[in-house]
Amino acid sequence: MTSLPDDLLITAADEVKIRQDLLLVALGKRPADRSLRVGKLLDVHSRSWMHDQEIVMRGKRIAWVGPAGEYQGQVKERFHEPKLAAVPGFGEVHKHIESSHLTPEWEAALVMPRGNTWTCEASHEFSNVDGPHNLEFWLTARLAGSPLKIFPQPGSAVPPTAYEWGGGYFGHDEQARFMAASPMVTGLDEVMDWPAVWNPENPSHQRLWGMIEATFAARGVVEGHGAGLRTLAEINAFAAAGLASDHEMMTADEAWDKLRHGLFIEIRIHSMTEIVTGLLQKGLVDWSQVAFATDDRSATLTLESGATDHNIRTAIAAGLPAEIAIQCATINPARHMRLTPWVGSISPGRFADVVLLEDVAALKIAKVWADGTQISEGTSFIGKVPDIAWPQWATQTINIRREIMPADFAIKAAPWRTTMQAAVIRPFHWHPDFYTMELPVADGEVQRLDSENLTKFAIVDRFSGDGKVAKMFWRGCGPRDPDTAVACSVAHDKHNIWTCGSSDAAMALAVNTLREIQGGWALVHKGKVTATVRFEIGGLMSKRPAAELDADMQALYRAAAEVDWMYEPTFRPRWNPGFPERLMFATLTCAPWTWVLVAPSPLAPEGFVNVATGEVHPVVW
């Protein structure tokens with residue numbers, strides 16, 4: 001018999017042929033490729049264990065499941081794991097693979113031994129770098145043979161706000177094309193610009209609602225982002241808008257309120273213990289509207305603590321029964337994303353993705369199968385990592401056609417002034433107003449004030465070719481050492497280059513270094529480049545194994561340990577005090593952010609704008 005295409009990168013007619021073949025295998029009228037017999041198997045639909053079960057596979061799919069010995073057809077290969085428990089491959093309901101800083105094929109090698117066999121990719125990171133090639137980027141690894149199923153969700157935040165630009169633009173027509181292009185596209189990535197959703201006068205209002213309309217028309221899922229929305233009116237409005245989920249809850253009370261208003265809640269690791277414990281205390285019995293979201297996790301952190309397996313273990317430690325915790329990472333997200341015909345359970349028709357556990361309560365993984373073959377042993381990936389020659393649209397994304405100069409970061413004073421008033425913010429500034437300080441002037445330029453923990457923070461546009469620069473004074477972040485700066489091409493969510501430094505020359509050197517290596521990290525200490533990490537794919541990711549990337553990150557951390565960094569109490573303990581890695585997220589423009597710095601744009605010529613109101617303000621006056 002001619003082999004059938006066996007993926008989601010197929011037509012509906014091909015899927016029918018696959019199903020017709022599977023049903024004949026299930027009836028024993030055609031031979032199966034292999035069977036996997038296990039000590040017990042978790043049926044996530046009924047939350048019950050079935051003992052001595054056999055999983056019969058045809059190609060990449062499951063054809064039959066039942067008690068060992070009862071399958072009537074022929075099987076070419078048989079495998080027996082009597083001491084192991086089988087649970088479905090884990091799914092990520094909301095994740096930015098870009099935040100692992102690995103390309104999709106190497107992300108697979110990292111997370112699959114930790115149980116992840118499918119991911120709903122919230123793709124506004126790469127979309128903001130190269131929107132036209134976004135879908136092609138996320139489907140390439142699977143087409144090349146990677147066993148990880150990636151379900152892309154085109155980004156609603158492309159651009160994140162009307163005050164940002166470059167790299168990509170998605171509206172109604174683009175979303176309609178995405179939804180029609182592949183059944184792997186599940187819907188619309190998290191809608192984050194809440195002011196644009198509710199306010200018809202916001203310049204992004206029509207664009208966002210156009211994307212929502214196109215998603216509804218294709219019966220897709222509109223994912224939400226409800227950070228800071230906690231009042232009863234806001235929660236009702238959020239749900240009424242058709243935003244189906246939230247992963248931004250900080251407390252159990254907030255999660256409970258949103259759950260009771262029809263939202264699918266996606267719990268992240270930093271609030272997992274508090275929310276799970278709180279929901280148990282509130283007596284939640286039906287957890288079908290709950291899943292676990294990784295959101296952003298670097299390869300280094302995944303190597304240290306795990307992927308979705310870490311999320312599940314954390315929930316179990318908080319008191320959630322292991323079977324419910326596994327449902328929150330399998331059938332629950334699959335139902336929410338309308339993917340149950342393909343993933344979420346060990347059932348006929350689904351991809352043959354199985355996590356084999358030595359210890360269920362401890363979620364100790366022995367082996368993982370995906371696409372009908374074993375792909376890991378312990379934490380070692382033994383599957384195929386395709387060698388992908390990423391094209392120039394993925395490798396040449398730092399488009400700055402000139403050398404950045406120290407003068408680009410100068411903040412000019414008004415003539416004859418000895419002091420100037422300056423707008424000042426801290427990282428993660430969520431207040432409705434900015435701070436003001438009186439700063440000295442020297443040689444016609446407004447100066448940093450070391451005694452007040454002031455550095456300069458700048459955004460350099462990497463899309464136009466012109467290298468436009470927005471700059472202002474920030475407090476409580478960056479280096480104290482002279483001629484020292486750090487720069488990075490990961491700047492959520494627009495992903496221009498940000499830099500923070502104690503001198504304009506050091507900032508220019510750091511940015512020019514990133515221009516040369518096409519993205520990543522650059523650290524300048526006392527006038528010399530002391531460490532770099534390359535993210536040569538999209539300026540966000542690197543095409544190499546996680547351990548190799550982590551080695552470079554550890555070298556960066558060691559070099560950064562030689563720098564005297566300012567203390568910023570809004571950073572989490574891991575970065576506090578020390579290397580300000582979290583500045584990658586200090587450029588966000590979604591709720592609950594207010595005053596932010598963006599690259600110069602028509603609506604924000606100096607880059608300093610209140611994204612909640614559209615108000616702009618000079619950085620000095």
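**Aromatic pairs and charges over rings**

In the predicted model, Phe137 has a relative accessible area of 0% and is therefore buried. Trp138 has a relative accessible area of 1%, which is under the 20% cut-off, so Trp138 is buried as well.

Aromatic pairs were searched for across the whole structure, and 21 were found. In one of them, formed by Phe137 and Trp138, the ring centres are 4.8 Å apart and the planes stand at 85°; because this angle is over 60 degrees, the pair is classed as edge-to-face. A second pair consists of Trp521 and Phe579, with ring centres 5.1 Å apart and planes at 55°, so this pair is tilted. Trp521 and Phe579 come from distant parts of the chain, 58 residues apart. Trp521 belongs to strand β24 (residues 520-525), whereas Phe579 lies in the loop between α17 (546-560) and β26 (595-597). Trp521 and Phe579 are both buried.

Trp521 and Phe579 are also members of a cluster linked by ring pairs.

The charged end of Arg61 is placed over the ring of Phe351, at 4.6 Å from the ring centre. Lys494 is positioned over the face of Phe463, and the distance to the ring centre is 5.2 Å.

Conventions: Residues numbered from 1 in each chain as written. Predicted model: local features only at pLDDT ≥ 70, side-chain atom pairs only at ≥ 80, totals over all residues. Heavy atoms only, no water. Phe/Tyr/Trp six-rings, centres within 6.5 Å; stacked < 30°, edge-to-face > 60°. Buried < 20%, exposed > 50% of the residue type's maximum accessible area, 1.4 Å probe, protein only. Helix = DSSP H or I, 4+ residues; strand = E, 2+ residues; numbered from the N terminus. Lys NZ or Arg CZ within 6 Å of the ring centre and 35° of its normal.
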